[in-house]
Amino acid sequence: MKAIAYQQALPIDDDQALLDITLPDPVATGRDLLIEVKAISVNPVDTKVRRSMTPPAGEYKVIGWDATGIVRATGEHASLFKVGDRVWYAGSLTRPGANSELHLVDERIVGRMPHSLDFAQAAALPLTTITAWELLFERLQLSKKSDANAKSHADDALLIVGAAGGVGSIMIQLARQLTDITVIATASRPETRSWVHELGAHQIIDHSKPLSQELKAIGIPNVRYIAGLNQTDKHYTEMVEAIAPQGRLALIDDPAELDVRLLKRKSASLHWEFMFTRAMFETPDMQKQHDLLNETARLIDTNTIRSTVGQHFGTINAANLRRAHALLESNTAKGKIVLEGF
């Protein structure tokens, strides 16, 4: 099978950073599905792994954790899908990635692809949707509109820092459509401000300025919930200033250091979201990702939320993936970058 991989952790402007190679076809066993990959998208985790993890000498590392495709075979214990099903998923960080023609993935973290999207449109969503969903409803514990025992209300506010990226683009939609909370997005450029407004943010502030001052300027002294999606090192003290007493702060990036003591006087809580945790540790509730992907497909097919494709970079090959990684590393991407077909 064709695949894109690397042997050395190199800067993306190096031609050897990602290579077109050929690998043996994998075989499905256990609860695995063998997927014929039709489209992929690129996430910051791809660039982080490529820059920091070198495979053993002489071996290749395949990355990529967002894919759509068709089930071509199932392991002997798989029961959720059949050959021919169209699926979407993000995969596991502890296994080879999906930048290959054929890919093995545990069925418990795979969902049925939305009927109303093509493969490229759907590939933009799995990893970011799982991340946004788990952060909102499991880490921050926001209540959905349908929850009779709702604990979050319209007078509560959610601040999404770095809202124009992949996770923010779907998080805005989920929070706006499934909860009653006020959604405040940060964006600093005209095009990203327009993007987050289009996705449903109630208010938009500029993260190139102090967040607490920006919030006060729109009449909101503090917020009960904050989702920090990037540059937490830069924004952390302002997040602490902006968060309400007994508020919740959830992060997905990797700040070099973080003084959690700053949250003590407000009795505010800090939460990490890492969507690979369930797959890495095969937690008892691992199948929740299958369930939430199926629910997201329903939301897509009923026009409740939409795909977050930003740019289509063409065929899945090393040259196009290097371009995609370079754009992500520039921190100027809007929405998701997708590639399609080998």
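This is a predicted model: local features need pLDDT of at least 70, side-chain atom pairs count only at pLDDT 80 or more; totals for chains, interfaces and linings use all residues.
A residue counts as buried here when its relative accessible area is under 20%, and that cut-off is needed for much of what follows.

**Strand β9 and its two faces**

In a regular strand the side chains alternate between the two faces of the sheet. In β9, A157, L159 and V161 lie on one side while L158 and I160 lie on the other, and both faces are covered, with each of these residues buried. Because 5 of the 5 residues of β9 are buried, the strand is largely enclosed by the rest of the structure.

**The parallel sheet**

Strand β9 belongs to an open sheet of 6 strands, in the order β11-β10-β9-β12-β13-β14, with parallel pairing. The edges are formed by β11 (203–205) and β14 (269–272), each of which pairs on one side only. On average, and with direction ignored, neighbouring strands of this sheet are turned by 20 degrees against each other.

Which strands flank β9? In the order of the sheet, β9 stands between β10 and β12, and the table sets out these two pairings.

| Pair | Residues of the partner strand | Sense | Bridges |
|---|---|---|---|
| β9 and β10 | 182–186 | parallel | 4 bridges |
| β9 and β12 | 223–228 | parallel | 4 bridges |

L159, for its part, stands opposite I226 in β12. Between β9 and β10 (residues 182–186) there are 4 bridges; the chain passes from β9 to β10 by way of helix α4 (residues 166–178), and this β-α-β crossover is right-handed.

**Helix α3 against the sheet**

Strand β9 (residues 157–161) and strand β12 run parallel where they pair, and helix α3 (residues 126–139) packs on the sheet, touching β9, β12, β13 (243–251) and β14, with its direction at about 145 degrees to that of β13. At 1.5 Å a residue, the 14 residues of α3 should span 20 Å, and the end C-alpha atoms are 18 Å apart, which agrees. Since 12 of the 14 residues of α3 are buried, the helix is largely enclosed by the rest of the structure; among the buried ones are P126, I130, W133, L136 and F137. Just after α3, Q141 takes a positive phi of about 60 degrees.

Leaving aside neighbours within four places in sequence, L158 is in contact with L136, L140, A175, I181, T182, V183, I184, Y225, I226 and A227. The largest nonpolar core holds 91 residues, and those that touch the most other members are Y89, L136, L158, M171, I172, L174 and V196. A second, separate core of 19 residues includes I184, L215, M239 and I243.

**Elsewhere in the chain**

A further open sheet has 3 strands in the order β2-β1-β4, with antiparallel pairing, and its edge strands are β2 (19–22) and β4 (61–62), each pairing on one side only. Strand β1 (residues 2–6) is joined to β4 by 2 bridges, and Y6 stands opposite K61 in β4.

Q213 and K38 are 175 residues apart in sequence, and their C-alpha atoms are 46 Å apart in space.

Conventions:
Residues are numbered from 1 along each chain as its sequence is written. Side-chain values use heavy atoms; hydrogens and water are left out. Two strands pair if DSSP finds at least two bridges between them. Axes are lines fitted to C-alpha atoms, for helices over the stretch in contact, and angles run from 0 to 180 degrees between N-to-C directions. Contact means heavy atoms within 4.5 Å. The expected span of a helix is 1.5 Å times one less than its number of residues. Buried means under 20% relative accessible area, exposed over 50%, partly exposed in between (1.4 Å probe, protein chains only). A nonpolar core is a set of buried Ala, Val, Leu, Ile, Met, Phe, Trp, Tyr and Cys residues joined through side-chain atoms within 4.5 Å. A crossover is right-handed if, with the strands pointing away from the viewer, the path from the first strand over the helix to the second runs clockwise.
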